[in-house]
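Hi,

Here is the structure I promised to pass on. Have a look, and my notes follow below.

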Amino acid sequence: MQDKIKDSKAIRKIVIVGGGTAGWMSAAPLAQLLRRDPRTACEITLIESPDIGTIGVGEATLPTIRFYNRALGLDGTDFIKRTQGTFKLGIEFRDWGQVGQRFFHGFGDFGPAIENRSAYLYWLRLQRDGGMPSYEDWSTSSVMARHNRFAPPQGEQPSPASSYSYAFHFDAGLYAAYLREYAMRRGVTRIENTIVDVELRPDNGFVAAVKLKDGRRIEGDLFIDCSGFRGLLIEGAMKAGYEDWSEHLPCNSALAVPSARAPKLTPFTTSTARTSGWQWRIPLQHRTGNGHVYCNHFISDSEAEAQLLVGLDTPALDQPRRLQFTTGRRRQCWVKNVVAVGLASGFLEPLESTSIQLIMDGVGRLIQLFPDRDCSPALAAEFNRKMAFQYESVRDFIILHYKLTKRTDSEFWRYCSAMPIPDSLRHQIELFRSSGRVAILDPEGFAEPSWVSIFLGLGLTPEAGDPLVERIDETQLRQHFQRQRSAVAQTVAAMPDHGDYIDRHVRAEPTAGPLSITAPLSATA
């Protein structure tokens with residue numbers, strides 16, 4: 001049996017280049033999967049350099065992070081405590097469409113469908129006739145955020161108590177350390193050293209090994225590049241190429257700074273538009289994460305830093321750290337026996353908390369299309385097709401926030417409103433503008449309620465509606481909406497304050513304890 005294993009083409013050595021969030025989010029599920037069966041068992045080595053700092057990809061997530069954690073068997077309560085986490089119901093946008101305006105992109109819908117049509121279409125009909133409150137009043141997550149409440153969804157039947165979802169805010173460095181402990185307990189070898197050279201096989205151009213500063217040579221069958229922007233393997237060795245999207249997403253710089261913990265823990269991320277970009281605010285249990293994403297063609301770094309610091313609501317705990325980037329993606333994320341994950345595969349600003357999502361999906365697709373030592377070009381082509389499609393889908397959703405602005409108070413916002421956009425996004429905008437319908441081009445991406453939140457939040461009013469929603473009597477329809485609105489309000493009123501819920505269930509300890517791997521709790525998984 002052992003000879004058959006030795007002679008098979010199965011991957012026996014995986015080398016992950018780079019640590020941080022991307023590296024350890026790749027190592028953890030691979031270690032869990034490949035340790036189960038001796039026929040697939042292989043060595044996993046992760047190399048992270050003490051000389052090269054990691055870049056936190058963000059501290060805010062999307063609801064799918066819960067499925068990733070659950071698949072690993074992480075204890076939900078322990079995870080939040082160990083990462084100083086809080087709950088996230090969505091994103092509050094301030095000053096985006098116009099200065100002084102706010103809207104909320106929540107995780108959930110706007111009420112149950114009516115005659116198999118989305119409830120927001122009926123809201124649009126009643127809104128045209130006048131007298132309707134904000135569409136957000138029918139979104140449980142939006143009303144929860146407005147009143148600073150949190151409780152996990154309850155029940156199986158559709159109701160305001162079950163019609164929303166949630167994600168997390170957490171310290172990305174603590175999360176990487178948490179997963180590092182998980183992965184190393186499952187056999188992953190960690191090497192702290194710097195790669196100084198990459199050795200290619202002369203016969204096929206595959207990576208044969210990486211050479212370390214201390215003289216060691218680490219061989220592998222499959223290499224996962226988590227080396228960040230520089231793409232040590234995918235670009236340095238494989239020359240994958242990079243597609244620059246700066247024309248559509250002009251921001252190219254960011255400043256990040258932690259500030260003191262806020263007295264009130266809000267269950268949402270805040271994104272506030274500035275003169276040449278936007279500022280994020282992410283509440284954690286031990287501090288507040290802040291940053292300013294901007295375009296240095298329209299504002300100097302010193303001016304951007306001043307705007308960031310003035311916009312803090314608690315005292316800064318450090319000096320702002322600057323990062324420069326080019327928005328876009330690798331033309332190929334998988335070349336020969338190298339697969340890029342995280343920043344090595346591309347970069348999109350964290351406006352909609354998609355950085356960790358792209359890591360999860362990259363690792364998930366690698367597992368789905370896991371190769372043997374030949375690394376079939378067909379597998380690589382399918383992986384590249386899916387990653388390119390996802391990057392472009394997220395790109396369009398982010399561009400939407402800028403393109404629909406009505407701000408004219410700075411050169412940056414005037415550029416954004418006039419800039420060219422991809423044909424795919426132009427179609428989606430025009431469809432909603434003309435009829436109120438949403439074109440979902442990526443069924444695995446942002447769902448209809450997310451697009452509706454941004455369209456309506458930025459003031460895009462449909463010129464006409466769905467003619468089939470006219471069939472219901474207006475009085476009956478208004479009564480239905482009033483009942484639903486009251487049910488949402490009553491449901492939220494019975495929920496605890498977000499901070500109180502954390503204190504009661506998931507308050508972080510002063511010092512972290514050992515890693516806990518048990519069945520996830522329904523309240524926090």
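A term you'll need right away: a crossing of two helices is left-handed if the near helix is turned anticlockwise from the far one by less than a right angle, and right-handed if clockwise. Helices here (H or I, at least four residues) are DSSP runs, numbered from the N terminus. By that rule, α5 passes α14 in a left-handed crossing.

Before the rest, some housekeeping. This is a predicted model, where local features need pLDDT of at least 70 and side-chain atom pairs count only at pLDDT 80 or more, while totals for chains, interfaces and linings use all residues. Residues are numbered from 1 along each chain as its sequence is written, and side-chain values use heavy atoms, with hydrogens and water left out.

Back to the helices. α5 covers residues 119–129 and α14 residues 474–493; they pack at an angle of about 115 degrees, their axes 11 Å apart.

Arg395, Asp396, Ile399, Leu400 and Lys403 of α10 touch Ser424, Leu425, Gln428 and Ile429 of α12.

Now the rings. I got 34 aromatic pairs across the whole structure. Rings of Phe, Tyr and Trp (its six-membered ring) pair if their centres lie within 6.5 Å; planes under 30 degrees apart count as stacked, over 60 as edge-to-face and the rest as tilted. Tyr166 and Phe168 are edge-to-face, because their planes sit at 85 degrees, with centres 5.9 Å apart. Tyr166 is buried at a relative accessible area of 0%, and Phe168 is buried at 1% (buried means under 20%, exposed over 50%, partly exposed in between, with a 1.4 Å probe and protein chains only).

Phe432 and Phe455 are stacked, since their planes are at 15 degrees, and their centres are 4.4 Å apart. This pair links distant parts of the chain, from α12 to α13 (residues 448–457), 23 residues apart. Both Phe432 and Phe455 are buried.

Cheers

Notes:
Contact means heavy atoms within 4.5 Å. Helices (H or I, at least four residues) and strands (E, at least two) are DSSP runs, numbered from the N terminus. Axes are lines fitted to C-alpha atoms, for helices over the stretch in contact, and angles run from 0 to 180 degrees between N-to-C directions.
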